[in-house]
Amino acid sequence: MASLPLGNDNDLDDSQFYNRVNEIKFISDNLELTQKGSTPTILLTGIRGVGKTALMKKLKKDFKDEYLVVYADLTAMDKFKKDKLNRLCFMKLFYESIIKACDESNIITIDKKIMKYFKTHNFQLDKIESVDKIPIPILKSEEDYPKFASYVMDLPQQIYNDHKEQLKGVLIFMDEFQMLKQLDEDVNGFLWYIRSVIQTQKNIGYIFSGSMSMKDQLISDIAGQHGAFGGRILNYEIKIFSYETTKNYLTEKADYLNFTDDGFKRFYKCTNGIPYYINSFARLLPPNEELNEEKIIVEFKKSLEYLLVNLTNEWYRLNKQEQRIIASLVEKPLKRIEIANKLGVTSGAIGTSLKTLQNKILIELDNDKYQIYDQIFKAWLKKEYEEKGDYPY
Ligand SMILES: Nc1ncnc2c1ncn2[C@@H]1O[C@H](COP(=O)(O)OP(=O)(O)O)[C@@H](O)[C@H]1O
Ligand SMILES: [Mg+2]
């Protein structure tokens, strides 16, 4: 009996990774342009749980025998944070990810080569420390940042130049790219800097992805007409599983789930075609038992708290005003002033909370109106209110 992947497992093996044939073909075709000396840059968007990370990890496996593939999850910048999250944290993480990729690569070896880069690059390093076999250059002072940054940003092309015979190109996947918004600096300026470097490179392909609302300002800062990469970046959206895909998926991978037609329709409606919810909910359903519409409704109510465990944790960590803003949006999307009126405060008084909630991707702004991002989270709040007479503050 094949088992469905866990909802939080995005490192899927080939027997677990389902479909996405067209997506893989499209992205691969673009990434392969690096062979021809052009630098494709892709912005991979899609709602939370749709499978962006899983797809990148799959691409990484597919490409790793011919390319050097660097995967950096920007949430890990945190570990380099001293007093604030800044560009240096980004560069250190990027550097570490490149070296890790070299280390894991069965095409190239870093050992002596990387040391050579340090020596030929004429900036003053305090020392080179070795952490887990990874040589880490320690800067004398933060003033060396620009040199370190240009060194790190150039490193992929350097590595390519030194391994032309073995490598078709270098691919860089940056996940959770929205973390850049947390940097204590001018994000847009930083994006323009990255773009200026990337456009001089010839054999490096980039994918930026992460949990962003489709309406996120960051997306237009990157890919919009006046954005840093405007016109030079491919904005590609990963879509939810269609009704048919979901049906075929479960028939193939979970044939022990005996849906009636109405039961399956309801299942699809509950999960919204989001692979995260499809796997998580399907794993909670009883095997070899008729799953009709009523049964699915009952099971869904029971499962909600498990499906939403991450989001409800976030909810309980919000402050009262942030919670009340979300609660005000359960019935319908509202303008900022309407939210303020409901809370009995001025519009100015909720600015910070709105930003926080947007950054956490709990709400999003769509044409002047704020709305709750995740439909299933919204359903949970509604249910809590109906059962308990109030929201779970
Ligand atoms: N192609 C796929 N086949 C099967 N399950 C998938 C696939 N893509 C994603 N999933 C499921 O969805 C979950 C969420 O995927 P993830 O890549 O973390 O989403 P995102 O990065 O877009 O938020 C995974 O943990 C996995 O359970
Ligand atoms: Mg992800």
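Predicted model: local features only at pLDDT ≥ 70, side-chain atom pairs only at ≥ 80, totals over all residues.
**Entry: strand β1**

I began with β1, residues 41-45, and checked its cover. The strand is mostly covered, with 5 of its 5 residues buried. I then sorted its side chains by direction. Thr41, Leu43 and Thr45 point one way, while Ile42 and Leu44 point the other way, and all of them are buried.

Next I looked up the neighbours of β1 in pairing. Strand β6, residues 204-209, is joined to β1 by 4 bridges, and the two run parallel. For Thr41 I noted Tyr206 as the bridge partner in β6. Strand β7, residues 234-237, is also joined to β1 by 4 bridges, again in parallel. Here I noted that Thr45 has Glu237 as its bridge partner in β7.

**Entry: sheet with β10, β11 and β12**

I turned to an open sheet of 3 strands. Its order is β10-β12-β11, and the pairing is antiparallel. The edge strands are β10 (334-335) and β11 (363-366), each of which pairs on one side only. Between β11 and β12 (residues 369-372) I found 4 bridges, with the strands running antiparallel. Leu365 has Tyr370 as its bridge partner in β12.

**Entry: aromatic pairs**

I searched the whole structure for aromatic pairs and got 28. I took Tyr18 and Tyr249 for a closer look. Their ring centres are 4.8 Å apart and their planes stand at 50 degrees; with edge-to-face set at over 60 degrees and stacked at under 30, the pair is tilted. Tyr18 lies in the segment before α1 (21-31) and Tyr249 lies in helix α8 (residues 243-253), so this pair ties together parts that are 231 residues apart in sequence. I also checked the cover of both residues. Tyr18 has a relative accessible area of 14% and is buried. Tyr249 is buried as well, at 3%.

I then took Phe63 and Tyr67. Their ring centres are 5.1 Å apart and the planes are at 85 degrees, so I logged the pair as edge-to-face. Phe63 counts as buried at 5% relative accessibility, and Tyr67 is buried with a relative accessible area of 2%.

I also logged a cluster linked by ring pairs: Tyr243, Phe259, Phe264, Phe267, Tyr268, Phe281 and Phe300. Looking for a charge over a ring, I noted Lys320, which lies over the face of Tyr393 at 4.2 Å from the ring centre.

**Entry: ligand 1**

I listed the residues around ligand 1. There are 22 of them, and Leu6, Asp9, Lys52, Ala54 and Asn279 come nearest. I then went through distances from its oxygen atoms. An oxygen atom of ligand 1 is 2.8 Å from a polar backbone atom of Leu6. For Val50, a polar backbone atom is 3.4 Å from an oxygen atom of the ligand.

I asked how much of the accessible area of ligand 1 the protein covers. The ligand has 560 Å² on its own, and the protein covers 94% of that. Finally I checked which elements give two or more residues to the shell around ligand 1, and these are α2 (52-63) and α10 (275-284).

Note on methods: Residues numbered from 1 in each chain as written. Chains lettered and ligands numbered in written order. Heavy atoms only, no water. Buried < 20%, exposed > 50% of the residue type's maximum accessible area, 1.4 Å probe, protein only. Pairing = 2+ DSSP bridges. Phe/Tyr/Trp six-rings, centres within 6.5 Å; stacked < 30°, edge-to-face > 60°. Lys NZ or Arg CZ within 6 Å of the ring centre and 35° of its normal. Near = heavy atom within 4 Å. Polar contact = N/O pair within 3.5 Å; in protein donor to acceptor, adjacent residues only side chain to side chain. Areas by Shrake-Rupley, 256 points an atom, 1.4 Å probe, with all protein chains shown as cover.
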